[in-house]
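Here's a quick tour of a protein model, written for someone just getting started. Have a look at the sequence and the 3D view first, then we'll walk through a few spots together.

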Amino acid sequence: GDHFNSFKSLPEISKICLVRGIGIIFSDTPYLYNSFKCNENVLPSLMLGYIFPFLKTQCDHTEKFTRYMAFQGIVVYIESFANAIKSIHFDTKELNEFLEAVLEIVWGNWDDPLEAIVDEIRKMFRYVLNIHDNITEGNTDDNTFIESLTRKLLSMDWNMKGKYSILLILLERVGPRKFLEIDENVVENIIFSVQNFSLGKQPSRLLVNILSDLKDDTGNGYDVEEITELWMNPLINSLFMDEKMFKRRVSYTVPIVLDLFPDSLQIMIGKILKYNSG
């Protein structure tokens, strides 16, 4: 009782640092993550029942450094949890609720103005995927969870900056053909999102990765001509949709795409001339 009261009286940042330290010290033990019995009642694990909810509430703190330490604390526990999952006795429902809660943190904070927090969000998402991998033991047939995440992200508003870095992580897992299978307009959607200056270079970065992966995988689905069709017409159409955006697309998006497909330059010029004459 006295120890708990002493903990409660600490400043929030001290509580977070203490909890984070416990996670680091006991990172190699499953004791923090196993549920336990008390008077015939099964209580949730210390991490799922007490530590994670505490850190989650601190993610909404108004002070930036306190928030950052809370996110970092969650990452410490999720990393340890992912590594220890095979030796943990967990309730499936409890685990699914935990993963959903972590993903809600990701969706709600991936556009945080503090880049250090965004870095922790990316780590958080990767560890969620690692937990899934360790549970399924690398069974590639059990990809329902990963595919549902991909569908969810591709259906979200394309004007969210944080979406792009998370999609890049998923692209490594499922590949560009799965993106196109889920949303055949994904390349077009990315090209048109370039007009949003607040997104920076994120859309173009994702576009290049998708096209580059498709190009490297030619012969297993798409040939170069088909890949070119995916980007060329949407890019040409986007050039003339908004005069203010013409320079932005010509100076950045067009060069990086043509760097991948240099033989398409002449075809593109011909289509642009035809577009203007039409």
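Let's start with Q58: leaving out residues up to four places away in sequence, Q58 touches E12, I16, T66, R67 and A70. Keep in mind that this is a predicted model. Q58 sits in helix α3, and with a relative accessibility of 8% it counts as buried, because the cut-off for that is under 20%.

**The whole protein**

- The protein has 14 helices and 2 strands.
- Out of its 278 residues, 44% are buried.
- Now take the contacts in the protein with a separation of 6 or more: 68% of them are between residues 24 or more positions apart.

**Helices α3 and α4**

- Helix α3 covers residues 46-58 and helix α4 covers residues 64-84; they pack at an angle of about 150°, and their axes are 8 Å apart.
- That angle makes α3 roughly antiparallel to α4, since anything over 145 degrees gets that label.
- Which way does the crossing of α3 and α4 go, left-handed or right-handed? The crossing is left-handed.
- On the α3 side, the residues that meet α4 are M47, I51, F52, L55, K56 and Q58, so our buried Q58 turns up again here.
- On the α4 side, T66, R67, A70, G73, I74, Y77 and F81 meet α3.
- Sorted by class, the contact of α3 with α4 has 8 nonpolar, 3 polar and 2 charged residues.

**Q72, over in α4**

- Q72 has its place in helix α4.
- Is Q72 buried or exposed? Q72 is buried, because its relative accessible area of 16% is under the 20% cut-off.
- The side chain of Q72 is joined to the side chain of Y68 by a polar contact of 2.8 Å.
- If you set aside its neighbours within four places in sequence, Q72 is in contact with R20 and E120.

**Helices α6 and α8**

- Helix α6 (residues 115-136) and helix α8 (residues 161-174) have axes that come within 10 Å of each other and cross at roughly 30°.
- That makes α6 roughly parallel to α8, because angles under 35 degrees fall in that group.
- The crossing of α6 past α8 is right-handed.
- From α6, the contact is made by R122, F125, R126, L129, N130 and D133.
- From α8, the partners are S165, I166, I169, L170, E172 and R173.
- How many residues of each class are in the contact of α6 with α8? They divide into 5 nonpolar, 2 polar and 5 charged.

**V187, in α10**

- V187 is found in helix α10, which spans residues 186-193.
- V187 has a relative accessible area of 2%, so V187 is buried.
- Which residues does V187 touch, not counting those up to four places away in sequence? They are L180, L207, I210, L230 and W231.
- V187 and L206 are 19 residues apart along the chain, and their C-alpha atoms are separated by 9.3 Å.

Key. Residues are numbered from 1 along each chain as its sequence is written. This is a predicted model: local features need pLDDT of at least 70, side-chain atom pairs count only at pLDDT 80 or more; totals for chains, interfaces and linings use all residues. Side-chain values use heavy atoms; hydrogens and water are left out. Axes are lines fitted to C-alpha atoms, for helices over the stretch in contact, and angles run from 0 to 180 degrees between N-to-C directions. Helices (H or I, at least four residues) and strands (E, at least two) are DSSP runs, numbered from the N terminus. Angles under 35 degrees count as roughly parallel, over 145 as roughly antiparallel, 65 to 115 as roughly perpendicular and the rest as oblique. A crossing is left-handed if the near helix is turned anticlockwise from the far one by less than a right angle, and right-handed if clockwise. Contact means heavy atoms within 4.5 Å. Ala, Val, Leu, Ile, Met, Phe, Trp, Tyr, Cys and Pro count as nonpolar, Asp, Glu, Lys and Arg as charged, and the others, Gly among them, as polar. Buried means under 20% relative accessible area, exposed over 50%, partly exposed in between (1.4 Å probe, protein chains only). A polar contact is a pair of N or O atoms within 3.5 Å; within protein, one must be able to donate a hydrogen and the other to accept it, and residues adjacent in sequence count only if both atoms are side-chain atoms.
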